Amino acid sequence: MGFSMRKIDYCQALNEALHQEMAKNPDIFVFGIGVPDHKSVFGSTRGLLETFGPDRCFDTPLCEDSMTGFALGAALGGMRPVHIHIRVDFLLLAMNQIVNMIASYNYSLGGKVKLPIVIRTIIGRGWGQGMHHSKSLQSYFAHIPGLKVVMPTTPRDAKGLLTAALRDNNPVIFIEHRWLYWAENDVPEGEFLIPLGQGNILREGTDLTIVATSWMNVEALRAADLLAKQGVYVEVVDPRTIAPLDEALILRSVEKTGHCLVADNDWVECGFSAEVAARVAEKCFGRLKSPVRRLGFAHTPCPTVRCLEDEFYPNAKRIVAVIHEMLGLPPIDLSGEFSYSHESRFKGPF
Amino acid sequence: MSYPGLELYKKLYLARRCEEYIVKYYPQNDMKTPMHMSMGQEAVAVGVCHAVGSTGLVLATYRSHAAFLAHTQNVPLFFSELYGRVNGLANGKSGSMHLADPDHGHWGSSGIVASTIPIALGLAFAQKRKNTGATTVVFFGDGAIDEGSFWESINVAALMKLPVLFVCEDNGYAVHTPSKKRHGYDSIVDIVGQFRCATFSDDSNDVESICNMTQQALSIIQAGGGPVFLHIKCYRYLEHVGINDDMKDAYRPVEIQEAWLKKDCLVLQRLRLINEQGVEEIVIQQLEEQVETSIHHSIVAAKQYSSPDPSQLFHGVFYEEN
């Protein structure tokens, strides 16, 4: 028990956090479209219906906006709702309740009430997810005062951050990545939490800082491996929570390396990568040895066909190429190196 | 108070006079908040809130002075909030459009049409889960029934048998657009009645009728019969937003206004007290003076408070432990 480790995947980690917290706190309930069905949101809600019953794990009609308002009302009534969406894109149907109501509700009540609302949602990718099943939108939410925004990368973070979100007394948008569901690593068995607002150094390095979000951390780590073969050591900083942001961790790293690349799992324009670049420019401009660079989705809707999708998403090789430019190194031939794809295990409607 | 009708009259009078004071003092430019006045529609809020009682949980709209006052009777903090004073309900951050007073069962108002309707679902769900027996009441205008979230919410409430009282205050206009230019149907009650949701209608403007009808609705909800929808016709005396009469703009027929003025809810109830319930005029006058004094004191007291300190700006975005 306690902190004994064993390897589980990201999805099991999410599931375990829900089981442990729901067992402890009877006010927590999970709901959303398809949440208790046989697919159990890719397995992340598995066993909740059987363990906690239909009052605490239930399906809803297809009305994201109203069920988001429902979550707000339930929180006002002393409950701790967890509203689950199988794609981030579907949250756009709930933006009025999220942005106009939930985000400012406590302010309108003088900051006196607890609003423990967790909105779990999943970024899709691959096998033609296309323009309506592939959005991330972290900067949409992080732009709004009153919301916390979390994007776990590792299984350990998935469990620790979800536990923290479930215990927080404020609204949290919890953005998962479908491809990370299979990531497997050491996760403590017992309850533990990772405070919201605390980033993580995924890999230490001295030559350049990559600030990456969600899946882009996987690409950044792969790029770091490729670069290490050339004797270039990059540091990979995962903010883990977009809001509140662990700015100090990012600045410390950039002060050390003097170079900063932001690899965001989202569009670049007016996005989180711009926020990080601005803060680095504002607060450690004098330590920069090269301009801050950014990588993210191409500024197009996400195409369905694979060859265009490959162009749409940045990958480890693109990261390496940009870093070569930043450091003034000659390009190297990466044609023999693999690129990540979960196409072989990720077939079908989702 | 031994006459039940007198308490209803007192609440009507309170709501009306508070707004008449707003009309009087608003031009001094010290209440810097857009006013969507309830004047003329008070019978709905007073009749419903009186029936629901202090244990009821209320959600309202930006046109919610009457509902706020009828449910909380918190006149001092009402004016402190409108004047933007530090002791206001939300230290002046909310103003007229976001009135709330959770300590008195008022859980908020919204500047976005229909947006508190779904909140009522969750609040009612929590009451059911926690077995409090409390009923959640949500007020909204006829403009709100054009919004998708109204239809989503009626469906969810009926499906989940939630203890919610939906109160449609139908003043016939969404801002300046009459319902006949907005509705591809004739009767909202007929449509809502197709859901597993009981419906009641009223166009009397009579606070006692509305109160009695609400009591019937509450008995259905409290017996576990699920949500109830009240459709109550009413008439807004003033402009959509602001303190002025806008009949000069000629978008509302004068004859309709005259018909509603003839059945002004305060006039109806005052006459009933005297003619049917044997209340002496002097008793009513004393009550009116009492209300008058309390409003006057509240306004004087509110103005003595300061505005919030600039450092207040950052407080309350997130929950703060006391």
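User: Which residues of helix 6 of chain B are buried?

Analyst: The model is a predicted one. A residue counts as buried if 20 or more other C-beta atoms lie within 10 Å of its own. In helix 6 of chain B, the residues that are buried are Ser149(B), Phe150(B), Glu152(B), Ser153(B), Ile154(B), Val156(B) and Ala157(B).

User: Which element of chain A is included in what covers these buried residues of helix 6 of chain B?

Analyst: From chain B itself, the cover includes helix 5 (117-129), strand 4 (164-170) and helix 7 (188-192). Chain A also takes part, and its element in the cover is helix 3 (64-76).

User: What distance does helix 6 of chain B reach from its first C-alpha to its last, and which residue just after the helix takes a positive phi?

Analyst: Helix 6 of chain B covers residues 148-160, which is 13 residues. At 1.5 Å a residue the expected span is 18 Å, and the helix comes close to this, reaching 18 Å. Just after the helix, a positive phi of about 50 degrees is taken by Lys161(B).

User: Which strands stand at the edges of the open sheet of chain B, and why is one side of each left without a neighbour?

Analyst: The sheet of chain B has 6 strands in the order 2-1-3-4-8-7, with parallel pairing.

User: What is the bridge partner of Thr61(B) in strand 2 of chain B?

Analyst: Strand 1 (residues 57-61) of chain B runs parallel to strand 2 of chain B, and 3 bridges join them. The partner of Thr61(B) in strand 2 is Ser110(B).

User: Which helix supplies the largest share of the side of chain B that touches chain A?

Analyst: The contact takes 37 residues from chain B and 33 residues from chain A. On the chain B side, strand 2 (106-110), helix 5 and helix 6 each supply at least two residues. The largest share, 10 residues, comes from helix 5 of chain B.

User: How many nonpolar residues are on the side of domain 1 of chain A that touches domain 2 of chain A?

Analyst: Chain A is divided into domain 1 (8-188) and domain 2 (200-327). In their contact, 23 residues of domain 1 meet 17 residues of domain 2. The domain 1 side has 9 polar and 2 charged residues, while its nonpolar residues number 12.

Technical notes. Residues are numbered from 1 along each chain as its sequence is written. Chains are lettered from A and ligands numbered from 1 in the order in which they are written. This is a predicted model: local features need pLDDT of at least 70, side-chain atom pairs count only at pLDDT 80 or more; totals for chains, interfaces and linings use all residues. Helices (H or I, at least four residues) and strands (E, at least two) are DSSP runs, numbered from the N terminus. The expected span of a helix is 1.5 Å times one less than its number of residues. A residue is buried if 20 or more other C-beta atoms lie within 10 Å of its own, exposed if 12 or fewer, and partly exposed in between; C-beta atoms are placed from the backbone. Two residues are in contact if their C-beta atoms, placed from the backbone, lie within 7 Å. Domain bounds come from an automatic or database domain assignment. Ala, Val, Leu, Ile, Met, Phe, Trp, Tyr, Cys and Pro count as nonpolar, Asp, Glu, Lys and Arg as charged, and the others, Gly among them, as polar. Two strands pair if DSSP finds at least two bridges between them.
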